[in-house]
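Hi everyone, thanks for coming. Let me put the structure up on the screen, and then we can walk through it together.

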Amino acid sequence: TQLWTLLQSYINYKKSNKTEMMGLLFQFGFLTPGKGYPLSSLSQLQIDFIKDWTDIGLVLIPSQTGGAEKSNLFYVTRVAVNLTNNITKDTKDEGFIITENNFHVYAYTNSTVKLALLSLFTTLIYRLPNLTTGMITRESVYRSFKYGISGEQINNFLRKNAHPTTRTKERPLSLSVTEQVNLWDKERQRVRFDKGVLYSNFVTKDVFIMAEKFSKSIGSFLWSNEHNR
């Protein structure tokens, strides 16, 4: 399509930042059109890409007049999601990736775009006519995390683009691979910080119990200590 041709020209123009750009495009395939996503979750370079892509209808950023909160969100359009998904589709809508239990990856494609997406989380080893081999490692997966790609998105990409020969199996993607990728993702999320409010100095025990029950009923309860109320 003309839009994809235009986007390819933009990628070639910004080739020095191609990896980070492809990481952003990779994420687009898993976003929901019309849902707001925080710009703060992106790098400054990715924010610059987003702003450029508003001119060709891939992304929408509400103007400052919409309020401070809205202006800090970006919205991908359905055109962007469909375009990203179509990048990895062959004319026969067949997959091209075989992922083995030992984390070896075989990509049956000559598409430089598909290989660029795959290289975001895979270390490519050999490239032959119509076949590229690679390896999923902790280092390669962690590299993709830097571009905002999650473990779940990696697994979904491998499933969605699984080679037809693997789709006859019960699991086109090995459980050992999906679990390991998810474990690597969780390694960087061992501690999570959430905002909270501490209420103390309750006048009576009844007031303390009433407040505790109310916080539990609305799903905001985190912790309590009756002896130090």
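Let's begin with E226, which is partly exposed at a relative accessible area of 32%. For that word and its relatives, buried is under 20% relative accessible area, exposed is over 50%, and partly exposed is in between, with a 1.4 Å probe and protein chains only. Before going on, some housekeeping: this is a predicted model, where local features need pLDDT of at least 70 and side-chain atom pairs count only at pLDDT 80 or more, while totals for chains, interfaces and linings use all residues. Residues are numbered from 1 along each chain as its sequence is written, and side-chain values use heavy atoms, with hydrogens and water left out.

Back to E226, then. What does its side chain meet in a salt bridge? The partner is K205, with N to O at 2.9 Å. By salt bridge I mean a side-chain nitrogen of Lys or Arg within 4 Å of a carboxyl oxygen of Asp or Glu. K205 sits in helix α10 and E226 in the segment after α10, so this pair ties together parts that are 21 residues apart in sequence. When I say helix or strand, these are DSSP runs numbered from the N terminus: helices are H or I with at least four residues, strands are E with at least two. K205 is partly exposed too, at 39% relative accessible area.

How many salt bridges does the structure hold? There are 3.

E187 is partly exposed at 25% relative accessibility, and R138 is partly exposed with a relative accessible area of 39%.

Then there is D185 with R188, where the closest N and O atoms are 2.8 Å apart. Is D185 buried or exposed? D185 is buried, at 10% relative accessible area, whereas R188 is partly exposed at 39%.

While we are on helix α9, have a look at T178, which has its place there. T178 is buried, with a relative accessible area of 6%. Leaving out residues up to four places away in sequence, T178 touches N155, R159 and L173, and contact here means heavy atoms within 4.5 Å. From T178 to L158 is 20 residues in sequence and 9.5 Å in space, C-alpha to C-alpha.

Now over to the helices α1 and α2. Helix α1 covers residues 2-13 and helix α2 residues 18-28; their axes come within 9 Å and cross at roughly 145°.

Next, some backbone angles. N130 has a phi near 65°, a positive value in a residue other than glycine. N130 is in the loop between β6 and β7 (131-135), and counts as partly exposed at 38% relative accessibility. Its contacts, leaving aside neighbours within four places in sequence, are A107, Y108, T109 and N110. N201 also has a positive phi, about 60°, although it is not a glycine. You will find N201 in the loop between α9 (175-187) and α10 (205-217), where N201 counts as exposed at 69% relative accessibility.

One more stop, at G95. This glycine lies in the loop between α5 (78-87) and β4 (97-99), and G95 is buried at 8% relative accessible area. G95 and S176 are 81 residues apart in sequence, with their C-alpha atoms 20 Å apart in space.

Finally, L128, which is found in strand β6, residues 123-128. L128 is partly exposed, with a relative accessible area of 48%.

That's my tour, so please jump in with your questions!

Definitions and conventions
Axes are lines fitted to C-alpha atoms, for helices over the stretch in contact, and angles run from 0 to 180 degrees between N-to-C directions.
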